[in-house]
Protein chains: 2
Amino acid sequence: MPRRPPSRPVTVRDVARHAGVSQPTASLVLSANPTARVADATRQRVVDAAHALGYRPNVLARALVRGRSFAIGVLVPDLRNPFFVDVVSGAERVAAEAGYAVLLCEQGRTPVQQHLEMLRGRQVDGLLIDAAGASELHADALDGLNVVLVDEPVAALPGVVTDAARAGELVAEHLLALGHREFGFLGPADPVWSARMRERGYAAALRRAGVELRTAWWRRTPATIAGGQSAMRTLLAGAARPTAVFCANDLLALGAHKACALAGVRLPEALSLVGCDDIEMARLVTPELSTVSVPARALGARAARLLLDELRTPGVARRPRQPLAVSLAARGTSGPAPRRAA
Amino acid sequence: MPRRPPSRPVTVRDVARHAGVSQPTASLVLSANPTARVADATRQRVVDAAHALGYRPNVLARALVRGRSFAIGVLVPDLRNPFFVDVVSGAERVAAEAGYAVLLCEQGRTPVQQHLEMLRGRQVDGLLIDAAGASELHADALDGLNVVLVDEPVAALPGVVTDAARAGELVAEHLLALGHREFGFLGPADPVWSARMRERGYAAALRRAGVELRTAWWRRTPATIAGGQSAMRTLLAGAARPTAVFCANDLLALGAHKACALAGVRLPEALSLVGCDDIEMARLVTPELSTVSVPARALGARAARLLLDELRTPGVARRPRQPLAVSLAARGTSGPAPRRAA
DNA sequence: TTGTAAGCGTTATCAT
DNA sequence: ATGATAACGCTTACAA
């Protein structure tokens, strides 16, 4: 029975004493070191003692001496976006299974720099940075840090990405096939790589089809539901309006969806609306949001896996990897272009 | 210029050497110890040296000697529920501002016990457990751990709660005032305190009003959108159906909302539906979900604050606190009871 | 006011 | 195969 005064935690010393061996021997057994050549009888005594006393290794002490903390940081811009939550969740699972702890950092209004300092101080073995503006950092802010960038490629830094340009392209193709010729776009005000690439893929595909883009229908707004809602309201208030609008993420699209509902603009009859991410909410609204499925959890999981691989064998993360595939999820908010009214 | 070989990180020793003082003196200055009586000139030299070298204290080493890691664990059942995400987010902010790191644990299918072992090994100073079944733990699983329970009161353990029973009561009053007499309920299959209390408050208020509850309309299902959807589908398929349904959380309610849309049951004309939590999505669906506002971020923030207070001055967390107030957000899915058809 | 010495719990490098 | 001994980076008595 592990019935002991809970005051002082059990250390290797206690185990060693209890097993009648020296402290380092106990350590050798308990740290599961492969080079540990210790007599089976001794090993058993130590293991038993550890079990009997309820020994639990102090990860901090281990980290200090080994120079590895077995913890990683995960930095995301905003947990209000389920996409990032899924990235975190996917990463957490992989990390946990490998015995790594996850130090969660939500960027919020705190500068990235500051989060990095904190993580550095805590000796994280590496970190995941998701769309938090890593490209704008001071050169040696990431110096000596094992980092995997998520959806934010920077030359010479390992990262995982989704096929963001393809996402925009898919939307353009879908809408063009439905006969649309007047296109709008809603994107985040901040320079987020994935959003920019989605925009670029969309715009490029449209231009290839000979569509002329109107800047009045191209809007930037905070990447939130409220932002999407107000941007769409403004768009609808304009003299002319597009027949199809692509939103760089589902949060924006859902806000836009709402704005349409409030303005009495019927989807998809009066306007086609397509988002990107395919968060769970996308299927809750009526009509269901047409969007592009982006595997957020898989993205986070892959990023974590890449980071852990890199920690195990430095250099492997450099090998470029295929972007994660995306796919169109055509649902209820995209339909044939209306006959020209104006 | 912090231009040094990035190989070996700067330690107090380096700073001390650079400043021409002994290592402990440097430590005394840098650890901002209030008892540090050190000459201003010396202090300045140390501070300058630290700055010049880009010194960053090793939090792990500090933790080891001080017996405080300045890290807390946060354990939540499921990040797919935005309510828990908000709790995490609120807690993270408070923790970060106080210089504490957050070790995130998503329960998932891993037993709580295992998460606790991990956090214990990492010497967290305390932890927040949100509705993860802490009440069912082995007696000394939390032994010696500073824990604050969130929405899951256990005798003699500090915690913060919302006024869950009141939430159910508010819904009952609201629906009764609208003339309803036939009530249904959808709750999670797992024994979650807040859900049970919401249910209880609802049921009690209904009984007080002389309403007879029908067990066929009282259903348990996984606490997800899918769960809510299928439970509502089943409910609607029954011979008789209630005129009003309360869902123990918004995820369930949104699933139910969806099921109604698919079944052609008009809200609120044919059925009144009320959720609980007031997650952001609640206002996105059409008609907007009537629900009860529960301050999730504030809950997480308060929990973190309580935990940090407790760490600073042990014992304060024992003082019982008022539950966080909830308020009805009557929106579009609740309306007058339909005239009896059957 | 400052330097010396000890120690936090662990792992790692040696002799033995 | 095992046991001293040192080290990781830091804090904290205590002595000078």
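Visitor: What covers the buried residues of α1(A)?

Guide: This is a predicted model. The cover over the buried residues of α1(A) includes α2 (23-30) and α3 (40-53) of chain A. Those buried residues of helix α1 (residues 12-19) of chain A are Val12(A), Val15(A), Ala16(A) and Ala19(A).

Visitor: What makes the buried residues of α1(A) line one face of the helix?

Guide: Viewed down the axis of α1(A), the buried residues fall within an arc of 100°, and therefore they line one face. Just after this helix, Gly20(A) has a positive phi of about 70°.

Visitor: Why is α1(B) called roughly perpendicular to α2(B)?

Guide: Helix α1 (residues 12-19) of chain B packs against helix α2 (residues 23-30) of chain B at an angle of about 105°, and their axes are 8 Å apart. Angles of 65 to 115 degrees count as roughly perpendicular, so α1(B) is described as roughly perpendicular to α2(B).

Visitor: Which residues meet where α1(B) and α2(B) are in contact?

Guide: From α1(B) come Val12(B), Arg13(B), Val15(B), Ala16(B) and Ala19(B), and they meet Gln23(B), Thr25(B), Ala26(B), Ser27(B) and Leu30(B) of α2(B). The residues of this contact divide into six nonpolar, three polar and one charged.

Visitor: What makes β7 and β9 of chain A edge strands?

Guide: The open sheet has four strands in the order β7-β6-β8-β9 (chain A), with parallel pairing. Strands β7 (218-221) and β9 (272-274) of chain A each pair on one side only, and they are the edge strands. From one strand to the next, the twist averages 15°.

Visitor: How do you know that β6 and β7 of chain A pair?

Guide: At least two bridges are needed for two strands to pair. Strand β6 (residues 183-188) of chain A and β7(A) have four bridges, in the parallel sense. Pro188(A) stands opposite Thr221(A) in β7(A).

Visitor: Which strands does helix α7 of chain A lie across?

Guide: Helix α7 (residues 164-177) of chain A lies across β6, β8 (244-247) and β9 of chain A, and runs at about 160° to β9(A).

Visitor: Why is β2(B) said to be largely enclosed by the rest of the structure?

Guide: Six of the six residues of β2(B) are buried, and therefore the strand is largely enclosed. Both faces are covered: Ala101(B), Leu103(B) and Cys105(B) are buried on one side, and Val102(B), Leu104(B) and Glu106(B) on the other. β2(B) runs parallel to β1(B), to which six bridges join it. Among the partners, Ile72(B) is bridged to Val102(B) in β2(B).

Visitor: What covers the buried residues of α6(B)?

Guide: The cover includes β2 (101-106) of chain A, together with β1 (71-76), β2 (101-106) and β3 (126-130) of chain B. The buried residues of helix α6 (residues 112-121) of chain B are Val112(B), His115(B), Leu116(B), Met118(B), Leu119(B) and Arg120(B). After α6(B) comes Gln123(B), with a positive phi near 60°.

Visitor: How many residues does each chain give to the contact between chain A and chain B?

Guide: Chain B gives 39 residues and chain A gives 39 residues. On the side of chain B, the elements that give two or more residues are α4 (59-66), α5 (82-97), β2, α6 and α10 (250-263). The residues on that side of chain B divide into 21 nonpolar, eight polar and ten charged.

How values were computed
Residues are numbered from 1 along each chain as its sequence is written. Chains are lettered from A and ligands numbered from 1 in the order in which they are written. This is a predicted model: local features need pLDDT of at least 70, side-chain atom pairs count only at pLDDT 80 or more; totals for chains, interfaces and linings use all residues. Axes are lines fitted to C-alpha atoms, for helices over the stretch in contact, and angles run from 0 to 180 degrees between N-to-C directions. Angles under 35 degrees count as roughly parallel, over 145 as roughly antiparallel, 65 to 115 as roughly perpendicular and the rest as oblique. Two residues are in contact if their C-beta atoms, placed from the backbone, lie within 7 Å. Ala, Val, Leu, Ile, Met, Phe, Trp, Tyr, Cys and Pro count as nonpolar, Asp, Glu, Lys and Arg as charged, and the others, Gly among them, as polar. A residue is buried if 20 or more other C-beta atoms lie within 10 Å of its own, exposed if 12 or fewer, and partly exposed in between; C-beta atoms are placed from the backbone. The arc is that of the directions from the helix axis to the C-beta atoms.
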